[in-house]
Amino acid sequence: MTSDQERVREAVAQMCRVILGKEKEIREVMTAILANGHILLEDIPGVGKITLAAAFSRVLGLDYRRIQFTPDVMPSDLTGFSIYRREEERFVYQPGCVFCNLLLADEINRTSPKTQSALLEMMEERRVTVEGVTREVPKPFLVIATENPAGSAGTQSLPEAQIDRFMITLTLGYPDWESELALAKGVGEEERTILASPVLDRKTLLGIQSAVHTVFISDAVYEYILSLVTATRNYPYIERGASPRGTIAMVKMAKASAWLDGRDYVTPADVERQFPYVITHRITMNVEARMENRSKEEIVREILENTKRPPMGEKSR
């Protein structure tokens with residue numbers, strides 16, 4: 001195991017001191033960050049989504065900003081705008097909130113489609129064009145977006161094409177009994193994000209993301225990934241399956257998962273671990289599935305069970 005892998009595992013351990021009882025979810029968010037992907041958290045209020053994002057920025061040494069989306073937030077709040085300075089007799093550009101390393105887009109479904117589209121375009125291109133001038137956002141640039149699926153009043157649902165821009169979707173959910181008891185006993189102490197100490201920095205994270213890309217995948221595992229994604233396009237209960245962007249996301253997440261486990265090659269287990277997080281938000285159920293009350297999670301499990309797994313073994317070149 002390299003020193004970078006040890007430091008990333010220490011970062012995960014630091015996060016587990018902040019968000020109690022959610023080691024699996026924390027590891028998944030870290031995997032997506034190593035894969036240079038954006039994350040969508042669909043959850044009820046009050047389970048620690050904002051704390052999670054702030055603590056990750058702290059342990060990874062990233063410049064962090066948060067924007068609370070409301071109906072009156074404009075695209076220029078994200079991209080920036082120019083103002084006229086009389087003393088200089090010229091327009092001066094004022095950067096928007098996207099000029100950071102980790103942006104928390106809180107309640108993304110409560111702003112206008114125009115503002116949603118502006119953010120999701122920046123997520124894909126990682127640059128901003130204002131008044132004909134294109135500016136690159138800092139590297140790395142990662143977005144953790146949140147939305148509350150329980151309440152629909154005053155919300156604007158993300159179109160499928162925009163949801164597809166997120167590498168993974170996950171839910172934190174309620175903590176277990178012991179974790180919530182520990183949380184209750186800690187009321188009145190210092191803010192929980194202070195429990196996380198810086199472990200990495202921006203330059204180191206960029207180097208790790210480059211190292212993740214070099215992780216080896218055999219032809220058999222590539223074919224396994226494609227078989228799983230293709231199955232979503234032909235399954236009886238699915239109206240629209242995952243796009244080729246889903247295939248690319250699966251490759252990136254499988255590589256990051258293997259690297260985090262200390263391996264330089266991907267196994268079928270890496271693929272199976274990441275498949276639900278990468279694919280669930282990329283499929284659309286048909287009328288028959290809704291009539292039979294079939295969930296996306298159930299269908300994803302069935303696809304995993306019914307797709308032939310390649311034989312286990314060491315990597316072969």
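The side chain of S179 makes a polar contact with the side chain of D176 at 2.7 Å (a pair of N or O atoms within 3.5 Å; within protein, one must be able to donate a hydrogen and the other to accept it, and residues adjacent in sequence count only if both atoms are side-chain atoms). This is a predicted model, where local features need pLDDT of at least 70, side-chain atom pairs count only at pLDDT 80 or more, and totals for chains, interfaces and linings use all residues. Residues are numbered from 1 along each chain as its sequence is written, and side-chain values use heavy atoms, with hydrogens and water left out.

**Around S179**
- S179 sits in helix α7, residues 177–185 (helices are DSSP runs of H or I, at least four residues, and strands are runs of E, at least two, numbered from the N terminus).
- With a relative accessible area of 10%, S179 is buried (under 20% relative accessible area, 1.4 Å probe, protein chains only).
- Its side chain also reaches the backbone nitrogen of G21, at 3.4 Å.
- Leaving aside residues up to four places away in sequence, S179 touches L20 and G21 (heavy atoms within 4.5 Å).

**Helix α3**
- In α3 (residues 49–59), the buried residues are K49, L52, A53, A55, F56, S57 and V59.
- Their cover includes helices α1 and α2, plus strands β1, β2, β5 and β8.
- Just past α3, G61 takes a positive phi of about 65°.

**Helix α10**
- Helix α10 (residues 244–260) has 13 of its 17 residues buried, so the rest of the structure largely encloses it.
- Just after α10 comes G262, with a positive phi of about 90°.

Terms used
Buried means under 20% relative accessible area, exposed over 50%, partly exposed in between (1.4 Å probe, protein chains only).
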